[in-house]
Amino acid sequence: MTEQERRTEAQRAGSEGDRRGLSQAIAVEQERPSKGLKRETLFELEDVAVLYDGNPAVREITFDVFKNQITALIGPSGCGKSTLIRCFNRMNDLIPSATVEGKILYHGEDLYGPKVDPVQARKLIGMVFQKPNPFPKSIYDNIAFGPRTLGMKGDMDEIVERALRRGALWDEVKDRLGDNAYGMSGGQQQRLCIARCIAVEPDVILMDEPCSALDPISTGKIEDLMMEIKDDYSIVIVTHNMQQAARVSDMTAFLIVELDASEKNRTGRIVEYDETEKIFTNPSDSRTEDYVTGKVG
Amino acid sequence: MSEEFDPRTERTRLAVAGARSATMAALRDRPTGEAVRSRIFQALIMFAVSVALLGLAALLIDAFVEGEGSLSLNLLTEPTSRDADNAGFRTAILGSLWLIGGVILLVVPLGVGAAIYLEEYANRERWWNRIIELNIQNLAGVPSIVYGILGLAFIVRGPLDLGFVLAAGSMTLGLLVLPTVIIAAREAIRAVPPSIREGSLALGATQWQTVRRQVLPAAVPGILTGVILAISRAFGEAAPLLLLGAATFITADPSDPFSGDFTALPVLIYEEAKQAQPELRELAAAGIIVMLVVLLAMNSFAIWLRNRYEQKW
């Protein structure tokens, strides 16, 4: 699997090379919702829509996600946040009825281009799900599965320990690595899923409401963890919890849900995308203000 | 109790007492019709259960009473013989084991493979996949004698032309239980939650890696249970083997899958039960006990396996 390593290297090197070009591009495209902030762009979304059996779940999504930042997607239920985040690592490919329209660039490369292999994309763009989904195996094997599958070189014990340390779980589980992961608490399971994701050293970590099934203490631990790893990873997080978005994220996108004329289909659209501080203190759209202040939703 | 009579206290006390007795009455009295209906329903269920249990018990007791005299270790160690005193089931038991071995070799890869295809790869929108599904469900209900005829026409003669050999019996029994194995394996694979597949795919595993390293290991207990139950059925089948040349009174142990002289436990029991001599009928009853013991052991193993390794999601 040196091929995989080379690929990763190439991707990283490519992004290094692109850095100048991209920031210039951002500087030029002042009208984009990135507001011309001089950050390194990770994803560029251009008029993205996701359709299930022809009915759009989200549409007209245009914004940029930046590197080494935590980007939060917030909005009421049914606005397509989860649908949208699943576009970033092509998880929507797994749903036969779903089609993705528009353009998503990842480090300037079309993520949905004809030559892109979704499996390769998912190696670089990991995901943590709403409900903790550990594998029905030992804690050790949960972490080791990814590196083994990807053929990562190195001492597996070391890889596992490093991932568990990064996942802020090592001290709690170091004496019972052979135990089944289903014996852990929900919060531990979710941190295990994050550690599992970190173990394959992705470029981006997507989190789809990672704390919705957890108590406040576990949630706090995961938020601390996110702040800690964001220097090394870019994170996109969907959250129902506005305080969470305010606490952890750097950028926030607010989505709303609209009914179509027949009042049958709900479609999510983006209302505002800006720095989190601005979204929560001085939003430019009144709908955002109503939502973040709790008047609606 | 207060010394003085205070009408107000008394009124409160009475009100409380009245409310309490009304509550008690409401809790105690179920409407008569409702009570009767639930009794009748209970009785019906008990009747259904007892018919099944009594039937089984009658069968067991009858076989035991009749075959008890012949029960001895000789049954397992002696070959078949016309002489009831020395006759055993060794050739038949070995023949059954050879048959079942072949069935396992055939049915596990085919059945699990088909189940993986149908559950993980097949697009249910496509008409041919729906037809395959429907067919498998129907095939599970086809009488075994029909499979016997199929085996005779296509395996013993016809395209495969193997002749009346043990392997032909294995293949036919394999076809007979294949639908059951596929259905059981599909259930087991479907019981693995989609979130496990998503978790694996999100780490960059391919679909095949996900199936092989996550889905299949998690489904193995369920698949094994299904396989064991299917094998129990194949073990007890006599009808198709009668068409496929299972001999009866042979004394030579089967030596390889293509040996022509073979018999199986249920076939031998059938033959012996037909005979006029009461000793042989007694022997058949003893054979039934041997077979039931083997079947119960296999089914218990399946249940143990399921309880031991079943994953609670």
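Two strands count as paired if DSSP finds at least two bridges between them, and helices (H or I, at least four residues) and strands (E, at least two) are themselves DSSP runs, numbered from the N terminus. In strand E2 of chain A, for instance, Phe66(A) is the bridge partner of Thr41(A). This is a predicted model, in which local features need pLDDT of at least 70, side-chain atom pairs count only at pLDDT 80 or more, and totals for chains, interfaces and linings use all residues. Residues are numbered from 1 along each chain as its sequence is written, while chains are lettered from A and ligands numbered from 1 in the order in which they are written.

**Confidence**

- The model as a whole scores ipTM 0.82 and pTM 0.79.
- For chain B, the mean pLDDT (the predictor's confidence in each residue, from 0 to 100) is 87, and 98% of the residues reach 70 or more.
- Where pLDDT is low, the predicted coordinates should not be read in detail.

**Strands and backbone of chain A**

- Strand E1(A), residues 41-52, pairs with E2(A) in the antiparallel sense over eight bridges, and E1(A) also pairs with E4(A) in the antiparallel sense over eight bridges.
- Glu60(A), found in strand E2 (residues 55-66) of chain A, has a positive phi of about 55 degrees although it is not a glycine.
- Glu60(A) counts as partly exposed because it has 13 C-beta neighbours inside 10 Å; by the rule used here, a residue is buried if 20 or more other C-beta atoms lie within 10 Å of its own, exposed if 12 or fewer, and partly exposed in between, with C-beta atoms placed from the backbone.
- Arg90(A), placed in the loop between helix H2 (81-85) and strand E4 (98-106) of chain A, is also not a glycine and has a positive phi of about 60 degrees.
- Arg90(A) is buried, because 21 other C-beta atoms lie within 10 Å.

**Overall form of chain B**

- Chain B has twelve helices and zero strands, and its radius of gyration of 30 Å is well over the 20 Å that the globule rule gives for 313 residues, so chain B is more spread out than a compact globule.
- That radius is taken over C-alpha atoms, and the globule rule is 2.2 Å times the number of residues to the power 0.38.
- Taken along the principal axes, the C-alpha atoms of chain B fill a box of roughly 105 × 65 × 30 Å.
- Buried residues make up 32% of the 313 residues in chain B.
- Two residues are in contact if their C-beta atoms, placed from the backbone, lie within 7 Å, and among contacts in chain B between residues at least 6 apart in sequence, 74% join residues at least 24 apart.

**Domains of chain B**

- Chain B is divided into domain 1 (7-67) and domain 2 (73-309), with bounds that come from an automatic or database domain assignment.
- The contact between them takes four residues from domain 1 of chain B and five residues from domain 2 of chain B.
- The centres of the two domains, taken over C-alpha atoms, are separated by 44 Å.

**Around helices H8 and H9 of chain B**

- In helix H8 (residues 194-202) of chain B, the buried residues are Gly199(B), Ser200(B), Leu201(B) and Ala202(B), and what covers them includes H3 and E6 of chain A together with H9 of chain B.
- Just after H8(B), Gly204(B) takes a positive phi of about 95 degrees.
- Thr210(B), which lies in helix H9 (residues 207-236) of chain B, is buried because 20 other C-beta atoms lie within 10 Å.
- Leaving aside neighbours within four places in sequence, Thr210(B) is in contact with Arg197(B), Ser200(B), Leu201(B), Ala205(B) and Val215(B).
- The C-alpha atoms of Thr210(B) and Gly199(B), eleven residues apart along the chain, are separated by 9.1 Å.
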